[in-house]
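Try each one before you read its solution.

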Amino acid sequence: MTSNDTWHQTACILCSINCGVEVKLDGPTIARVRGDKANPASEGYTCEKALRLDHYQNGAHRLTTPLRRRDDGTFEPIDWDTAIAEIAQRFGEVIDEHGGESILFYGGGGQGNHLGGGYGGATRSALGIRYTSNALAQEKTGEFWVDGQLFGRSRCHTAGDYEHAEVAVFWGKNPWQSHGFPQARRVLKEIANDPDRTLIVVDPRRSESADLADIHVRPAPGGDAHLLAALLAVLVRDGLIADRWLDEHARGLDELLAHIATVDIAESCAKAGVELAIVEQVAHRIGTATRGVSIFEDLGIQQAPHSTLNSYLEKLVVLLTGNFGVPGGMNLHSRFASLGGGGGGGGDRRGGEPMTPTGGHRLVTGLVPCNVIPDEILTDHPKRFRALLVESGNPVHSLADSQRMREALRALDLVVVIDVAMTETAREADYVLPAASQFEKWECTFFNLEFPRNCFQLRRPVFAPREGTLPEAEIHARLCRALGAYNDDDLAPLRTAAAAGRAAFRDAFLAFGGQRPDLSKLVAIVLYETLGPTLRTSDGVDAAGAAAVWGLSQICAMTEGPSVRRAGIGDGHDDADLGDALFDAIIANPSGVVFTLDDYDETWRRMATPDQRVQLAIPLLLDEFDRLATEPAPAGSDAEFPLVLSAGERRSSTANTIFRDPAWRKKDASGALRISPADAAACGLVDGDRARVTTRRGSAVAVVELSDMMRVGHISLPNGFGLGVDGTSDGPGVAPNELTSSDDRDWYAGTPHHKHVRARVEAVS
Ligand code: SF4
């Protein structure tokens with residue numbers, strides 16, 4: 001497994017795209033990295049960040065023993081048996097006194113490590129956890145909820161076909177740096193270089209993607225809802241909507257058009273800070289395209305004012321022009337596994353909607369909105385959260401208002417963190433359990449969001465787990481046993497069946513669900529304990545850690561059967577064997593497989609509305625849409641904080657926060673505050689000066705970079721700074737969430753306004 005002369009297939013784990021890479025090792029070091037041409041999604045493509053993966057694998061942040069907090073706040077190393085026994089006992093005490101619903105689960109994986117979270121479902125069930133949250137609940141839940149309203153279920157998520165679209169629109173999105181779809185830079189350049197195709201970027205910043213664009217629309221920060229309202233109104237006014245398509249595939253059109261008819265286009269453009277002429281140009285380019293329009297909306301509008309409304313209006317642009325369920329347009333993609341909430345039964349139900357236990361905040365798509373987590377702890381309500389289990393997540397650093405999140409964690413009876421690193425959250429924990437790295441175990445991502453061709457890669461371990469660490473599958477198995485969730489006698493029938501072969505195991509496993517419904521809730525760990533020991537690759541590598549993928553393959557074969565077969569999997573197998581055929585294909589192809597190949601009818605088959613039509617009118621959001629007319633212009637409306645800070649910009653010098661060692665950066669070492677030359681001059685600043693950024697929540701000092709990327713009135717700080725290798729915030733740069741506030745959030749989904757934080761800037765002598 002660790003031969004230095006061998007190229008090992010794995011993936012980059014620094015963004016959700018997980019480009020396939022091959023690595024060569026030098027002892028415990030990742031010595032060389034190159035794109036993996038055999039990876040069916042990335043086909044050899046990478047950006048420059050993948051070359052630096054050893055900063056994650058061998059950074060000083062790695063933990064190598066379980067830790068227990070002492071009374072004085074320092075940590076002491078303890079052995080695994082002690083840690084597991086004490087954690088089980090402490091959780092048991094919380095459950096006895098307050099019930100499993102008083103325990104919040106946060107995380108379950110970052111951008112490349114979702115398999116551990118799959119096994120974590122067993123521990124959540126064993127603890128009786130009902131409430132879960134993760135980073136999606138500060139990014140995407142508003143969009144998912146809108147998908148649910150339009151298409152019938154929130155898992156009906158749209159994928160753009162940027163590779164083939166005649167018009168590709170990136171709204172609040174800079175794919176050059178934040179990627180978001182396979183081979184993003186290559187695709188952007190291809191569109192930009194094709195005179196018959198059009199690249200449109202909507203972003204207040206003149207980003208790298210905007211520099212390539214045919215049309216760059218530059219709204220005032222926070223003006224997107226007004227811009228979208230104007231765009232929809234122009235599409236209708238100028239007869240650019242797809243009447244016949246809407247007649248066949250949608251309902252609620254008349255109700256929607258009645259609201260759009262009230263839009264004052266000129267006034268909406270003025271509030272958005274854009275010229276009417278450019279809105280008309282965009283509307284006509286979208287409305288006259290014949291080979292598909294795909295739109296990617298991202299955090300620039302999802303973490304800004306009117307977050308959920310923005311998602312709705314953006315999708316209406318696609319739908320009103322008939323660019324849904326067609327080549328080059330938006331389609332509903334397949335899934336290998338769900339990314340959704342996963343709390344055991346959701347929260348309290350009020351008025352039919354699941355809610356948080358104390359504040360009555362909606363669980364949007366099953367998740368507790370990240371921004372209300374402190375509210376659900378820092379209260380004397382008897383149903384407040386009392387304990388927290390965190391796995392591969394860092395809420396103290398990554399969620400709004402780090403100061404208040406620390407305060408909330410300190411108010412809990414018990415905090416347990418499973419992670420590879422001493423993070424800012426781990427530093428607040430009572431127990432920290434060190435996980436093996438993503439290159440030391442079987443691993444995968446469930447960010448498989450493409451259409452018509454969707455890929456999945458099950459990554460083999462490249463190294464053995466570092467001494468003192470364990471893969472999450474083993475951690476959760478030990479926790480479940482210590483919690484008394486099962487014992488060897490419970491598993492004996494399945495172990496016997498597994499020894500008899502895969503077919504016998506499948507029959508026994510299906511029967512087991514009916515015989516032992518209590519254990520079927522622990523399904524991933526049951527598979528790890530029973531089928532796992534029998535799994536090997538063709539070259540003899542122990543594949544116990546892949547057992548959960550066998551279960552997911554069965555589900556995928558049942559739900560996506562025709563598309564799995566279209567991908568060339570399962571020839572000669574009947575439907576009962578399709579799941580095993582899929583699993584065998586996955587495990588035999590370490591560079592990944594195309595697991596589904598869709599035709600365009602598949603989008604309509606995935607629709608979950610009763611009549612398979614799009615439900616265009618969402619009354620709650622149409623009410624908010626109407627209120628735009630009386631809302632003041634977002635720009636320049638706060639004299640005390642006249643600037644808008646985009647907190648957490650993705651740059652070439654930033655990745656996700658699993659890179660904790662600042663040495664990985666080649667430039668922008670201090671995470672500069674970007675500011676327009678005009679704003680800098682007004683503040684008396686020049687390049688390289690130090691400036692204090694102050695928001696309602698806090699202040700921090702940053703080095704200034706004058707940048708004509710920034711629109712006047714708009715400043716930005718990068719993500720991924722302010723990280724210390726030992727979980728303190730003493731690394732270079734500003735930790736953005738020291739400046740954000742948890743109550744600055746979308747009224748419906750609770751998503752934060754990180755890209756629209758009111759701020760002022762002053763020179764520091
Ligand atoms: S950072 Fe993202 S786009 Fe770049 S190599 Fe890694 S996975 Fe690919």
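**Exercise 1.** By class, how many nonpolar, polar and charged residues does the shell around the ligand have?

*Solution.* Start with the ground rules: this is a predicted model, where local features need pLDDT of at least 70, side-chain atom pairs count only at pLDDT 80 or more, and totals for chains, interfaces and linings use all residues. Residues are numbered from 1 along each chain as its sequence is written, and side-chain values use heavy atoms, with hydrogens and water left out.

Next, list the residues around the ligand (a heavy atom within 4 Å): Cys 12, Leu 14, Cys 15, Asn 18, Cys 19, Thr 46, Cys 47, Ala 50 and His 179.

Now sort them, with Ala, Val, Leu, Ile, Met, Phe, Trp, Tyr, Cys and Pro as nonpolar, Asp, Glu, Lys and Arg as charged, and the others, Gly among them, as polar. The shell has six nonpolar, three polar and no charged residues.

**Exercise 2.** How far apart are the centres of domain 1 and domain 4?

*Solution.* Take the bounds from the automatic or database domain assignment: domain 1 is 8–57 and domain 4 is 636–763. Over C-alpha atoms, their centres are 29 Å apart.
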